[in-house]
Amino acid sequence: MLAALGQAAFVWDLASDSMVWTDHAEAVFQDIPTATLARGAEFAKLIEPAREIRSDALLSTPVAAGHGSVPYRIEYGVRASTTAPVCWIEECGSWFPGADGRPTRVEGIVRVNNERHAHDEQLLKLSRHDPLTGELNRTHLMASLAETIEEAARFRSSFAFMLISIDHLARINDAFGFDVADEVICEVARRIRARLRAGDQLGRFSGNKFGLVLKNCTADDMNVAADRFLAGIRNDIVPTKSGPVSVTASIGAVGAPRHARSADEAVNRAHETLDSAKSRRSGSFSMWRPNVERDAQRRVNIRVTDEIVTALNERRIVMAYEPVVDAVSHQPAFHECLVRMQQPDGQFLLAPDIVPVAEKLGLIRLVDHRVLELVVAELAASPSVQLSLNISPDTTMDPDWWASIESMMVAHPGVAERLIVEITETVAIQDLNEVRGFVTRLKNFGARIAIDDFGAGYTSFRNLRNLGVDIVKIDGAFVQNMARSADDRAFVQTLIDLARRLGIKTVAEWVQDQESADLLRDWGCDYIQGRLIGLASQDRPWDLAATESATAAG
């Protein structure tokens, strides 16, 4: 029965160290001499990973009261020589104690367990390695990075952490499919692996990024290594089943532990330099270096972020109103609402101090929601007023913002017709189809749409006509120097003429002097705003006008 199951039984007398096996033991222990199996000590010499595993199992198992034998179970590998393959064995049995309670005899059964061990090894490998590339997965890459930082700090050595990002992998996905992109990822991993030294670690950090831990690596070494990796990836095309693909990569790196005292800090700074390299050009390398101005700006960002959140919670986000007047009569046409944030000391932060930080840190949606509430409330309270508000690029596709404006328009009939929503030209050119849908939905409410800072981007008048915008606000950078610049005068006059032909109203921003105002009027500009007309004020001009009228009437 044992032979049929591929098993063998034995009796091991510990006093004499002799082992007696069933006749077919050699079938289980192939290539192992029978004499080696005769004694426990000789058999132990073949065991991996630890020779003592059998004796330790016997000694570590306590004797249960009232029992004449003690069961045990162990697994180990055996091989006749270092060049022979390991045969994995599962052994189970019982040992019998003597008068002193120590083992004197063992009876057990062994069987080959290579398949189960291979399965366990595969599961272990999958838990540690990326299934696509076979390199370390992110979890174990981060563990290796943290361990290397501790080791470098202990021994006062240095190393580098690099993030290598495959450029434009999304384009490959779109052009050839995900299976081809996977081929590219595997080939890039192979090329990086081929250029590593012994002891360096490579892992897949994310979809298109690899992390590298390069031990004993100075700043000069980093430059040399980065050039080697980039050239190795760039110089040869990647053959795929859909044809050859040309690939480049960008690298961001940081030296540790000098500039990174933890794994998270190393990753963040490598990410930062990788973004810097990509923004400069694809296929480049950037190394993290201390920057006093950058660190100071980050401290400001953190402070302003906290202040924005607190101000939102405490309702200290308020509006300032800048007049936009008719270019001929200088009578107010509407007012642009600009965000202000009141600080605890009573001072106010202006939009340029708030909006860029809020956009960078993802708070602009909250700010835009609050501004919408304030503007709609003002329109509802003042039936003769027309107001415009600016929204950020992210807000144009924010479903919560749409839900808010829909509910507000229903709750306040007649408000939409006096509302102008301003979007920047850069938003308009990002995705014309999505922006067209945005414009259409707002116009269905009855609101008007203005393109802000027109001329700073590359939107054509054909696109403006297709979008159906109502107003174009000419970028103030071209308006403020018109009196001194013939180029700016020609540009602004051309924009006004084209807009008039398309039936689109024009607003000139940053009008500084009467000479510019006269030129704009003569060219047919509809509205002007800027220092000449009056800057933004938190006082409601329509309330002041009403007060003056009442005083005059009295």
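Predicted model: local features only at pLDDT ≥ 70, side-chain atom pairs only at ≥ 80, totals over all residues.

Trainee: How do you know what span to expect for α13?

Mentor: The expected span is 1.5 Å times one less than the number of residues. For α13 that gives 18 Å, and the helix reaches 18 Å from its first C-alpha to its last, so the span is close to what is expected.

Trainee: Which residues of α13 are buried?

Mentor: Trp 401, Trp 402, Ser 404, Ile 405, Met 408 and Met 409. They cover an arc of only 160 degrees around the axis, so they sit on the same side of α13. The face turned away from that buried side carries Pro 399, Val 410 and Ala 411, which are exposed.

Trainee: What covers the buried residues of α13?

Mentor: The cover includes α12 (364-381), β18 (419-424) and α15 (432-445).

Trainee: What makes Asp 398 a cap for α13?

Mentor: One of its side-chain oxygens lies 3.1 Å from the backbone nitrogen of Asp 400. The cut-off for a polar contact is 3.5 Å, so this pair counts. The end that Asp 398 caps is the N-terminal one.

Trainee: On to the sheet, then. What is the order of the strands in the open sheet of five?

Mentor: The order is β8-β9-β7-β12-β13, and the pairing is mixed.

Trainee: Why are β8 and β13 called edge strands?

Mentor: Because each of them, β8 (201-206) and β13 (285-287), pairs on one side only. From one strand to the next, the twist averages 20 degrees.

Trainee: How do you know that β7 and β9 pair?

Mentor: Pairing takes at least two bridges. Seven join β7 (residues 159-166) to β9 (residues 209-215), so they pair, and they run antiparallel. Phe 159, for instance, stands opposite Lys 215 in β9.

Trainee: Which helices pack there?

Mentor: Helix α8 (residues 219-234) lies across β7, β9, β12 and β13, at about 160 degrees to β12. Helix α9 (residues 263-280) packs on the sheet too, touching β7, β8, β9, β12 and β13. The direction of α9 makes about 145 degrees with that of β12.

Trainee: Why is His 259 called buried?

Mentor: Its relative accessible area is 16%, and buried means under 20%, so His 259 qualifies. You'll find His 259 in the loop between β12 and α9. Its contacts beyond four places in sequence are Val 254, Glu 265, Arg 269, Trp 288 and Pro 290.

Trainee: And what about Thr 273: buried or exposed?

Mentor: Buried, because its relative accessibility is 4% and the limit is 20%. Thr 273 is in helix α9.

Trainee: What makes Thr 273 and Ala 270 a polar contact?

Mentor: A polar atom of the Thr 273 side chain lies 2.9 Å from the backbone oxygen of Ala 270.

Trainee: Last one: how many bridges join β15 to β17?

Mentor: Three, between β15 (residues 332-342) and β17 (residues 387-390), and at least two are needed, so these strands pair; they run parallel. Glu 336 has Ser 388 as its bridge partner in β17. β17 also pairs with β18 in the parallel sense, over four bridges. There, the bridge partner of Ser 388 is Ile 420 in β18.

Notes. Residues numbered from 1 in each chain as written. Heavy atoms only, no water. Buried < 20%, exposed > 50% of the residue type's maximum accessible area, 1.4 Å probe, protein only. Arc of directions from axis to C-beta. Contact = heavy atoms within 4.5 Å. Polar contact = N/O pair within 3.5 Å; in protein donor to acceptor, adjacent residues only side chain to side chain. Axes fitted to C-alpha atoms, helices over the stretch in contact; angles between N-to-C directions.
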